[in-house]
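Here's a quick look at how this chain packs together. Open the structure and follow along.

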Amino acid sequence: MGTQEGSLWPLDGQDRSGRGRYGHFFIEHNKGHHRDVATPEDPATSRMGESIYKFSLREIPGAFKRAWNLEKVRLERLNKGVWSLDNEIIPPLLITIVLYTSLLLAFGPDPKLLVFLPIQIAFGWWQLTSANYIEHYGLLREKMADGRYERAQPRHSWNSNHIASNLILFHLQRHSDHHAHPTRSYQSLRDFEGLPELPSGYPGMFFMALIPPVFRSVMDRRVVGWADGDLGKIQIDGARRKKIERKFGAASHRPTRAAAE
């Protein structure tokens, strides 16, 4: 079962969130984020100590850049140009431009409309950024001896099984199962014991993220617990590393661990 273009969360396991006005997300999430999740290469994985505001400055442009590069590589293999309608980022962007231009032509340069359109665009962007921020905060996949990262596992996503918000979001909060089985439909996602657990549903976590000291006071100790106290197993924001090490103990780095700087 699918979903209508541009709806918030899909039902068929493929993220099409914001496909209309945020057309690169479908490519970036499914082909980029699922591949690089919980590694320093993933702009959509937040680091321990990193505020949502700092994360957004890295995630929003980084996600678009990764999506564009993925499309460029795909089209080069097909001997097609990146600046064409074959680029799956461009048609949704053109649709958005046509839609908003039509609204302005139909209703005129109404000050209310001119204020509302950018606000609702920013709100949609912020919801996706907020979800990315809380879903893998501080988590890190082990880097093996051959330089590759271990396979993404359910433990590399923060899970939440709060009933009300799960119903609203089609069980998106059961994020560990989503990454372990990305083709499973959202309404069929499952919860298991022993997964990293958020202390609240997504609405509560989104609000908490707006106040970085509160968010860190709640989540940082959970991240350290997830890593069994080994800071070398955690993605840490470079600017806050020393402060975190003073608070939780010096990192016991291992050769096969990667840390974000």
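## The cores

The largest nonpolar core in this predicted model has 30 residues, and the ones with the most contacts inside it are Met48, Tyr133, Ile134, Tyr137, Phe215 and Ile234. A core here is a set of buried Ala, Val, Leu, Ile, Met, Phe, Trp, Tyr and Cys residues joined through side-chain atoms within 4.5 Å; buried means under 20% relative accessible area with a 1.4 Å probe, protein chains only. Two or more residues each come from α2 (52–77), α4, α7 and α8 (212–226), with α8 giving the largest share, six residues. Helices are DSSP runs of H or I, at least four residues, numbered from the N terminus.

Apart from that core sits another one of nine residues, including Phe26, Ala67, Val82 and Ile89.

## Where α4 meets α7

Helices α4 (111–135) and α7 (202–209) pack at about 95°, axes 10 Å apart; axes are lines fitted to C-alpha atoms over the stretch in contact, and angles run from 0 to 180 degrees between N-to-C directions. The pair is therefore roughly perpendicular, a label for 65 to 115 degrees.

On the α4 side the contact (heavy atoms within 4.5 Å) uses Gln127, Ser130, Ala131, Tyr133, Ile134 and Glu135, and α7 brings Tyr202, Met205, Phe206 and Ala209.

## Arg47

Look in the loop between α1 (25–36) and α2 for Arg47. Arg47 is buried, at 12% relative accessible area. Its C-alpha lies 5.3 Å from that of Asp237, 190 residues away along the chain.

## Ground rules

Residues are numbered from 1 along each chain as its sequence is written, and side-chain values use heavy atoms, leaving out hydrogens and water. As the model is predicted, local features need pLDDT of at least 70 and side-chain atom pairs count only at pLDDT 80 or more, while totals for chains, interfaces and linings use all residues.

Note on methods: Parallel < 35°, antiparallel > 145°, perpendicular 65-115°, else oblique. Buried < 20%, exposed > 50% of the residue type's maximum accessible area, 1.4 Å probe, protein only.
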